[in-house]
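User: Hi, can you walk me through this one? I'm new to reading structures.
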Amino acid sequence: MKTVFEKTTGLTDTQTHYCPGCTHGIIHRMVGEVLEEMGILEDTVGVASVGCSVLSYEYFNCDMTQAAHGRAPAVATGIKRVLPDRFVFTYQGDGDLASIGIAEAVHAAARGENITVIFVNNAIYGMTGGQMAPTTLIGQKTATSPFGRNASLQGLPIRVSEMLSTLDGTAYIERVSTHDVPNILKAKKAIRKAFETQKQGFGFSMVEVLSSCPTNWGLDPHESLDWIKDNMVPAYPLGIYKNVHKEAEK
Amino acid sequence: MGKVLMKGNEVIAEAAVHAGCKYFFGYPITPQSELVAYMARRLPEVGGLFLQAESEVAAINMVYGAAGTGVRVMTSSSSPGFSLKQEGISYLVGAELPALIVNVVRGGPGLGNIQPAQSDYFQVTKGGGHGDYHTPVLAPSTLQEIIELTEAAFDIADRYRTPVILLGDGMLGQMMEPVEFKNLTERQPGEKDWTTTGTRGDGKPRIITSLELNADALEKRNEKLQHKFALIKQNEVRYETYEIEDADYIVTAYGTAARIAMNAINNARADGLKIGMIRPITLWPFPEQPFIETRDKVKGYISVEMSAGQMVEDVRLAVNGKAPVTFFGRTGGVVPTQEEIYEYIMKVAGGVEV
Amino acid sequence: MEEILIAGFGGQGVMSMGQLIAYAGMKEGKYVSWLPSYGPEQRGGTANCAVVVSGEQVGSPLVSQPTTAIVLNNPSYYKFEPTVRPGGLLIVNASLISKTSERTDIKVMNLKATELANELGNPKIANMILLGAFLEITGILSDESILEALKKVLSPEKHSLLEINKRALELGRLSTKVGI
């Protein structure tokens, strides 16, 4: 029998705990595939964060360290500074990176740490039960913004890719989405590009991946993908925000 | 290399380098900033790395990352900054990672001041962060002892896979004394089979984590930690005694307070009083044995601290009601003088109710 | 055991005087400690340091009742003149301090150190003149040890200053005899 599809060796056989329709699984698979395709699984140390992806250390098939809430870029810094020839990546959600860990993210980026950050933005806190995140959209209802996020009360959403791309230490920053197949293919290319950036020693790379949360959004999986397309993409425009490769070509 | 005159903060740094520590992540705070500056200059000379972090929180988490690769690594701070590191220390304990954390204590609470104090005793000996844990705490009282204990701290950290705290105060950090680094061969940690450095053909991926969602499994893991703490209690207690054989009263003090108290004790001895001293060197595990051995013979104990009375609670636990325990201390960065300690000793020994 | 307290404005060389004594004491095989006062200000303000030179292991590095106090400005005079241990020594930079101690239980040496330093051509070495007087009266350390310590403390490019420092020490010693 001819093999037409095989699961990537970049992931373990452990079954994930993610909710049906959540796109974390797709993002995990893309990262795993990139590590496998680049042949760097054995040279990689991943850093798991706190939130829905806290157990990602059981899913990625490489050495993994679990970090305190928001501190993954600092932990990754410690690893990378001791082992500059290894690949180091963090896998963080929006609460972890953009709220409690924004300082660590900004400073790792500013220092140009040669690490790769996979930033999963689904505009809500998932694991704790659907509270407002820094990336929650204006008007979006969550457990802690029950009347919809109100700018005068709760402030405005943070566009992390745009913000970090202003820092000279960053080398590659792209925002991608998971709401349909063409975008997923683009997302994988972006992740590959980010790890290639690290391989070449250019400095901080980040891929912001717009992701779904059917459970806490109160939508079914299909509606959730539409919600990304119709609500998140307009607020968080897709595209490359920083590209040191392109600058090098010039 | 003979004796050199150095500042306490610099002695800590150089001793760490001698112990094979090549990585330092820190943030400036008075009165320990000389330590940070010394490392920034010194570590590149030994092929190591110094990195100034954006905060104490980031620094301790960089230490966490580096410790996971198996190298000797440290950070240092003073009280307010040390509080910020507590989260990271709890994680280091939970994930069983070795590291050295230095606290050059200053007056508190809050921003307090930058004068010497011993008011972080509770924080360092009783856990400090969340969860059921202790960290070994070493408290040198001279600059020469800093060298010995900094090395011991790294060894204990590696032996038990635990963060270890070296506790000083502003006075110890700022003062100068002659020290000698004696023919030390650079110590290297032994083989570590738990590091995350990329699998590189050494089998299945490893995981460093303090998370265990299953209650029974977490309890098992905690039992393992408790067993480790029991071993540390059994093997690593350090203390010094002075003239306790015939003592009517025993003063107990650690760090710089012990040095000042020692002058007062000598003056009291010169006046014919039988006063001795127990100086805990490890604050956790607390040296209970010298108290157990003396508590039925002495008339009382006097705990002298630069705090409102913290170690005195451990003294009372060790004495277990067998003898009176009194306390003398100054707080807020006020260092007690030998004269006032002497007066207090005379009062207690003279039977005055205190 | 000599317990020395040196106090003045930041920039008067108070801290380095103490360090020189500690270095020299170490060179002569004595037990020493040096403890600075320190505050939030980087420059100016009052500064002091405590130095213990002893034949035995130093207990308290803190000096509350000095055997010698060397004071270089008015606030330091008022703060430390009363603390000198009976039988002890008070050295006063009389160029900057107008008050004269009335204590009879201590030895008081008033020296117009800043004027003397100006005569030598460098007002910054008033501290070395006071140090010379201290060495002459107490006899605890030799000039050689102090000068050796000075070589350690001064960066190589400042070794040209060694000669004037040596002269300042000598002038300080001399001035205790002739009463300047």
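User: What pattern does chain C follow, read along the sequence?
Analyst: Chain C reads β-α-β-β-β-α-β-β-α-α-α-α. Helices (H or I, at least four residues) and strands (E, at least two) are DSSP runs, numbered from the N terminus. One caution: this is a predicted model, where local features need pLDDT of at least 70, side-chain atom pairs count only at pLDDT 80 or more, and totals for chains, interfaces and linings use all residues. Residues are numbered from 1 along each chain as its sequence is written, while chains are lettered from A and ligands numbered from 1 in the order in which they are written.

User: How many helices and strands does chain C have?
Analyst: Six helices and six strands.

User: What box do the C-alpha atoms of chain C fill?
Analyst: Roughly 40 × 40 × 40 Å, along the principal axes.

User: New topic. How many residues do chain A and chain B bring to their contact?
Analyst: Chain A brings 28 and chain B brings 33. Two residues are in contact if their C-beta atoms, placed from the backbone, lie within 7 Å.

User: Which element gives the most on chain A's side?
Analyst: α2(A), with eight residues.

User: And which strand of chain B is joined to β2(A)?
Analyst: That is β9 of chain B, residues 207-208. Two bridges join β9(B) to β2(A), and the strands run parallel. Strands pair if DSSP finds at least two bridges between them.

User: What stands opposite Met64(A)?
Analyst: Ile207(B), in β9(B).
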